Amino acid sequence: MALNGLEQGRARYAYDCARQGKDLPASKEYKSYVKKIPALIKMNGLGATLAFIAAKKKDDPRKKEYAYKVIYDQLKPWLVEKGLVERHQDLVAAVVALDSLSYRMVTGEVLALFKWISRFAEGLIEGEADE
């Protein structure tokens with residue numbers, strides 16, 4: 001099965017994200033979080049999920065919540081590259097300011113990206129987080 005250009009680019013970016021997640025001290029948490037994010041988006045919406053991630057993220061790599069920071073930081077460059085948000089904007093502010101059509105497009109793109117990231121994280125990262 002051949003992937004089309006967009007899907008192949010998304011898969012490549014997701015693989016790089018998952019490899020970065022694998023190298024984290026909190027790699028099991030990274031894996032757990034990327035698997036949960038699509039469900040959070042479907043239940044609460046993208047804006048609320050991004051606000052949750054932004055609130056949970058920690059800058060200290062020794063803390064398990066650092067995985068949220070990595071996830072947050074991985075998402076924005078992809079959306080900027082796809083022209084869905086502006087580089088200079090805060091991600092949460094950019095997403096909640098979108099019109100309805102753009103919001104649905106960004107949500108679809110984020111769900112597609114996390115589908116790939118969670119697949120790769122499942123394959124690359126052994127074990128489960130203690131929660």
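This is a predicted model: local features need pLDDT of at least 70, side-chain atom pairs count only at pLDDT 80 or more; totals for chains, interfaces and linings use all residues.
Helix axes are taken here as lines fitted to C-alpha atoms over the stretch in contact, and the angle between two of them runs from 0 to 180 degrees between N-to-C directions.

The axes of H2 and H4 are 9 Å apart and meet at an angle of about 55 degrees. Angles of 65 to 115 degrees count as roughly perpendicular and those under 35 as roughly parallel, and H2 and H4 are therefore oblique to each other. The crossing of H2 over H4 is right-handed. On the H2 side, the contact is made by Glu-29, Tyr-30, Tyr-33, Val-34 and Ile-37, and on the H4 side by Ala-67, Tyr-68, Val-70, Ile-71 and Gln-74. Sorted by class, these residues comprise eight nonpolar, one polar and one charged.

Helix H4, which spans residues 66-81, also packs against helix H6, residues 100-124. Here the axes come within 11 Å and cross at roughly 125 degrees, which makes H4 oblique to H6. This crossing, too, is right-handed. H4 contributes Ile-71, Leu-75, Trp-78 and Leu-79 to the contact, while H6 supplies Val-106, Glu-109, Val-110, Leu-113 and Phe-114. The contact of H4 with H6 holds eight nonpolar residues and one charged residue, with no polar ones.

Attention now turns to a lysine in H2. Lys-31 sits in this helix, which covers residues 27-44. Is its place in the model buried or exposed? The relative accessible area of Lys-31 is 3%, so the residue is buried, the cut-off for that class being under 20%. Beyond its neighbours within four places in sequence, Lys-31 is in contact with Ala-121, Glu-122, Ile-125, Glu-126, Gly-127 and Glu-128. A polar atom of the Lys-31 side chain lies 3.0 Å from the backbone oxygen of Ile-125. The side chain of Lys-31 is also joined to that of Glu-128 by a polar contact of 3.3 Å.

Glu-128 itself belongs to the segment after H6. Its relative accessibility is 47%, so Glu-128 counts as partly exposed. Residues up to four places away in sequence aside, Glu-128 touches Lys-28, Lys-31, Lys-35 and Glu-122.

A last stop is the loop between H4 and helix H5 (91-96), where Arg-87 is found. Arg-87 has a relative accessibility of 63% and therefore counts as exposed, the class that begins over 50%. Once neighbours within four places in sequence are set aside, Arg-87 is in contact with Lys-76 and Val-80. Between Arg-87 and Ala-54, 33 residues apart in sequence, the C-alpha to C-alpha distance is 17 Å.

Note on methods. Residues are numbered from 1 along each chain as its sequence is written. Side-chain values use heavy atoms; hydrogens and water are left out. Helices (H or I, at least four residues) and strands (E, at least two) are DSSP runs, numbered from the N terminus. Angles under 35 degrees count as roughly parallel, over 145 as roughly antiparallel, 65 to 115 as roughly perpendicular and the rest as oblique. A crossing is left-handed if the near helix is turned anticlockwise from the far one by less than a right angle, and right-handed if clockwise. Contact means heavy atoms within 4.5 Å. Ala, Val, Leu, Ile, Met, Phe, Trp, Tyr, Cys and Pro count as nonpolar, Asp, Glu, Lys and Arg as charged, and the others, Gly among them, as polar. Buried means under 20% relative accessible area, exposed over 50%, partly exposed in between (1.4 Å probe, protein chains only). A polar contact is a pair of N or O atoms within 3.5 Å; within protein, one must be able to donate a hydrogen and the other to accept it, and residues adjacent in sequence count only if both atoms are side-chain atoms.
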